[in-house]
Amino acid sequence: MAYFKLITFGGIAPQVSPRLLADTLAQTAEDVILDSGRLTPIRNNTDDYTLSTAGQNSIYKYRTGGVEYWLEWADEGVDVVPGPIAGDNTDRLYWTGESASFPRMSNNSTITTGSGSYPRASFRLGIPAPTGTASTSITSGTDDGTQTKYSTSYIYTFVSAFGEEGPPSAASAVFDKVDGQTVTISGLDTSAGSGAGRTNTNLATKRIYRSNTGSNTTAFQFVKEVTLATASTTDNLNNSQLAEVIPSTYWIGPPNEVSADYPDGPMKGLTAMPNGIFAGFTGKRICFSEPFLPHAWPVAYRITLEEEIVGIKMAGQGLIVTTKGTPYLIAGTDPQSMSTVRIEAAQACQSKTSMVDMGPYVLYAGGDGLVAAAGTDVNVVTEGILSSEQWRADYYPSSLRGFLWEGRYVGLYTSGSNYGGFIFDPRGEQQNTLTTLTQTGTTDATGGFTNPVDNELYLIVETGSGPRIQKFQGATTNKTFTWKTKKFVTPKPTSMGFVKVQAEEYPVTVKVYGDGTLYYHATISISGSAFSVAGSSPTSFSATSITEPILRLPSKLHNTYEIEVESAKVVNEICIGESIDELREI
């Protein structure tokens, strides 16, 4: 007697012929979770927050003072990083990708104060250098000819309200002075200016430095700090009274909107690295900040690669850099001496938003499939599951948006009127590795955020009643999954007389295919302990009582059989056999 029985269920492998699939693998596994080996429906999303306007594409959950705020942007792929200073009670936040403008930063009071959507205000990341050069004159004190003369000069810097210091102005004209004289310093800028690269600063003070040629450093040393509005001040310090050497000589801001300096545009892809270092990129250049100083991005800390960069993510202790050619690994704890390895793998990244930090490795959409990069190891993890042609035709890698959800990769795509998605579980060992997700124009997510606090995934969804942030699988109600077996081949033409579907609850819809043609379609229901079946094949029939979830099939001979089930309930077992006694026994 011929029969087929399934008590464990796996995902799909479209590259493999339906006849050659392993018994537990499927031709269709849609909106289903397979962790337990059973068919468990995915739950519906649930509304968490109403966005201020439609068309938002990036979100971030910001917590400060015990209160949570949803930050939102219309721009796709905004990268947000918390400040690197432990114990910072202002909860500073840094981000790139907003409105194709300069990188930004803000703190709790600025983000939450005022009206409108969050963040309500922000500042330019980086402090510009003053454009004006100080003028000097000796206004008191005399030189009796016996004192040592010092050739000296002045520079000054801008300092933000957060204490961030920028690079210095040009040095004033050199002049001679002796100890005991008072110098008047004038012509100091009282604002950053309004030109490109100089707006939206948060300046509060200026710091003045004087060169000390009588010392063994011949460096500019601190004289005093004055308010931003101060245009003129005095200095009566002796050389021995000068304080620390200026630390910010090379602390320029990150690449910004000044096209003459940065033809590839402002820095994007902001990423936190070990040791308080931030990283970002523009064009072919990777940029690094000073450790624990996110406003300072020295030119000497930049690395130029051979290919144009698409995105960057941390994986373990290294920075994975994807490009329009090959990926790179950049590692190190000192931004002055980062090591760069060009990985010999022709796996260009198709979409910046597809890159997801999975912990020890990064997953991203490559040209041949979903790619895993860990250190210098790069592999197409969907190889053997999807062909390159299937990946490109059915999963739209150039528009893929990737998210982390409970150790899995959730990929969503939109291409014209094509909406869809998938879940890739790297722990599945090709049994429950890949399943698909249904999406429509009113359920499709334009962006999302994985909250590191609870590992929950939140998605931006333009619902029929407005733009929402929805918690993925946050509801108690289930979607209806669809799961279709492999194509079971009998040794000879056989008439399978019965099909059984054992589920935790019902209804369950069952479809049976013989030699590729649907020939039975019915739904099993239950009321109390009484089962019934109603269907549309072989002919439409109304509810009929049955004693157990075993259905009689039309008498037909077939060489191949496929069974498809649809339900919003958990299914434990599917059997098909020639006789009812056979199904009861197995």
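Pro538 sits in the loop between strand 44 and strand 45. The model described here is a predicted one, and in it the peptide bond from Ser537 to Pro538 is cis, with omega near 10°. Thr539 occupies the loop between strand 44 (530–537) and strand 45 (541–546). Thr539 is exposed, at a relative accessible area of 55%. Its C-alpha atom is separated by 9.7 Å from that of Tyr519, 20 residues apart along the chain.

**Backbone geometry elsewhere**

A cis peptide bond also joins Tyr118 and Pro119, with omega about 0°. Pro119 belongs to the loop between helix 1 (108–112) and strand 11 (123–124). Most peptide bonds are trans, and most residues other than glycine have a negative phi.

Positive phi values occur at Asp31, where phi is near 60°, and at Phe292, where phi is near 65°. Asp31 is found in the loop between strand 2 (26–30) and strand 3 (32–33), and Asp31 is buried, with a relative accessible area of 3%. Phe292 is found in the loop between strand 22 (285–288) and strand 23 (303–304); Phe292 is partly exposed, with a relative accessible area of 37%.

**Overall form**

The chain contains three helices and 48 strands. Its radius of gyration is 33 Å, well over the 25 Å that the globule rule gives for 586 residues, so the chain is more spread out than a compact globule. Along the principal axes, the C-alpha atoms fill a box of roughly 120 × 50 × 35 Å. Of the 586 residues, 54% are buried. Contacts between residues at least 6 apart in sequence join residues at least 24 apart in 58% of cases.

**Aromatic pairs**

The search of the whole structure gives 19 aromatic pairs. Two of them are set out below.

| Pair | Centre to centre | Angle between planes | Class |
|---|---|---|---|
| Tyr209 and Phe222 | 5.8 Å | 70° | edge-to-face |
| Tyr409 and Phe422 | 5.9 Å | 20° | stacked |

Tyr209 is in strand 17 (residues 203–211) and Phe222 in strand 18 (residues 220–227), so this pair ties together parts that are 13 residues apart in sequence. Both Tyr209 and Phe222 are buried.

Tyr409 is in strand 33 (residues 408–415) and Phe422 in strand 34 (residues 418–424), so that pair likewise ties together parts 13 residues apart in sequence. Tyr409 and Phe422 are buried.

Ring pairs also link Tyr60, Trp70, Phe449 and Tyr458 into a cluster. Charged side chains lie over ring faces as well: Arg124 lies over the face of Phe102, at 4.0 Å from the ring centre, and Lys484 over the face of Tyr513, at 4.0 Å from the ring centre.

**Surroundings of Thr436**

Which residues does Thr436 touch, not counting residues up to four places away in sequence? They are Ile12, Ala29, Glu30, Asp31, Tyr395, Gly421 and Phe422. Among them, Asp31 has the positive phi described above, and Phe422 is part of the stacked pair with Tyr409. Thr436 itself is in strand 35 (residues 434–437). Its relative accessible area is 16%, and buried means under 20%, so Thr436 counts as buried.

Notes
Residues numbered from 1 in each chain as written. Predicted model: local features only at pLDDT ≥ 70, side-chain atom pairs only at ≥ 80, totals over all residues. Heavy atoms only, no water. Phe/Tyr/Trp six-rings, centres within 6.5 Å; stacked < 30°, edge-to-face > 60°. Helix = DSSP H or I, 4+ residues; strand = E, 2+ residues; numbered from the N terminus. Buried < 20%, exposed > 50% of the residue type's maximum accessible area, 1.4 Å probe, protein only. Lys NZ or Arg CZ within 6 Å of the ring centre and 35° of its normal. Rg over C-alpha atoms; globule rule 2.2 N^0.38 Å. Contact = heavy atoms within 4.5 Å.
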